[in-house]
Amino acid sequence: MVVEVKTRLEVMEPNQQRVEANILLLGAHNVGKTALTVRFLTRRFIGEYGDIESIYSRVDRVDGQEICINIWDSQAGGKSGSISDKQLQWADGMVLVYDICDRGSFEVTRQQLQLIRRSRKMSSVPVVIVANKRDLQHHRRVSSEEGHLLALTERCGFFEVSAAETYHGVLLVFHRLVDLVRETRALRKSMAGVRGIVRSVSAVFGKKRAE
Ligand SMILES: Nc1nc2c(ncn2[C@@H]2O[C@H](COP(=O)(O)OP(=O)(O)OP(=O)(O)O)[C@@H](O)[C@H]2O)c(=O)[nH]1
């Protein structure tokens, strides 16, 4: 069961356009998905979190535009890091989280990226990779370079953060992803426009040839 939680009562001005961005958090067990979500929503780190899979919402202003950020804090999907069709259909952007102290969680991120890039619908979805628990340097098992390299080869954003230590780094993750979602939408819209022009031009020329 997925529970939906709104963090604020939203009152809209008439004529105001609300943009929505659905962000799916994925990653192995215990990497800090809920900690990152709670940090972003409340600025706090509380240490222990329940096991309820939830969708949370927060309204933010990004570049002067009001945007409702819906975050689906998923539960780890086993070793293969499986992602459901429902999640794939829902998401406008994804945050893939691993724990720098847990090599296995990095491999899950790699597998999840492959699943996403292989899916026809999601191959171009914006993805940000988050290496969490940066405060635990002495237990590090995955270097920053490996994270950077994976992000570079798979065309993803990359951040190393500590949900335990700072709010700002976590805020940057979500805002960067929202930017990427908006850029992708704008690109798709302009591509649809170009396709429309090409169709109209072909229709006119097709007609002329038939006459
Ligand atoms: N030191 C440290 N601990 C963290 C950090 N982020 C999360 N944790 C701890 O890691 C544990 C797991 O955090 P969760 O947020 O529950 O992880 P999750 O990925 O949501 O876990 P599941 O929902 O069970 O898959 C908790 O004990 C957190 O307190 C961090 O940045 N640094």
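Tutor: In soluble globular proteins, nonpolar side chains tend to be buried together. Here the largest nonpolar core has 43 residues, of which Ile 23, Leu 25, Val 95, Leu 96 and Val 130 touch the most other members. Such a core is a set of buried Ala, Val, Leu, Ile, Met, Phe, Trp, Tyr and Cys residues joined through C-beta atoms within 7 Å; buried requires 20 or more other C-beta atoms within 10 Å of a residue's own, C-beta atoms being placed from the backbone. The largest share of this core, six residues, comes from H5.

This is a predicted model, in which local features need pLDDT of at least 70, side-chain atom pairs count only at pLDDT 80 or more, and totals for chains, interfaces and linings use all residues. Residues are numbered from 1 along each chain as its sequence is written.

Student: Which strand is joined to strand E2 by seven bridges?

Tutor: Strands pair if DSSP finds at least two bridges between them. Strands (E, at least two residues) and helices (H or I, at least four) are DSSP runs, numbered from the N terminus. E2 (residues 19–27) runs parallel to E4 (residues 65–73), and Ile 23 stands opposite Ile 71 in E4. Nine bridges join E3 (residues 54–62) to E4, and these two run antiparallel.

Student: Which residues come nearest to the ligand?

Tutor: Near means a C-beta atom, placed from the backbone, within 6 Å. Of the 20 residues around the ligand, Gly 32, Lys 33, Thr 34, Ala 35 and Ala 164 come nearest. Helix H1 (residues 33–42) gives the largest share of this shell, three residues.

Key:
Buried ≥ 20, exposed ≤ 12 C-beta atoms within 10 Å, placed from the backbone.
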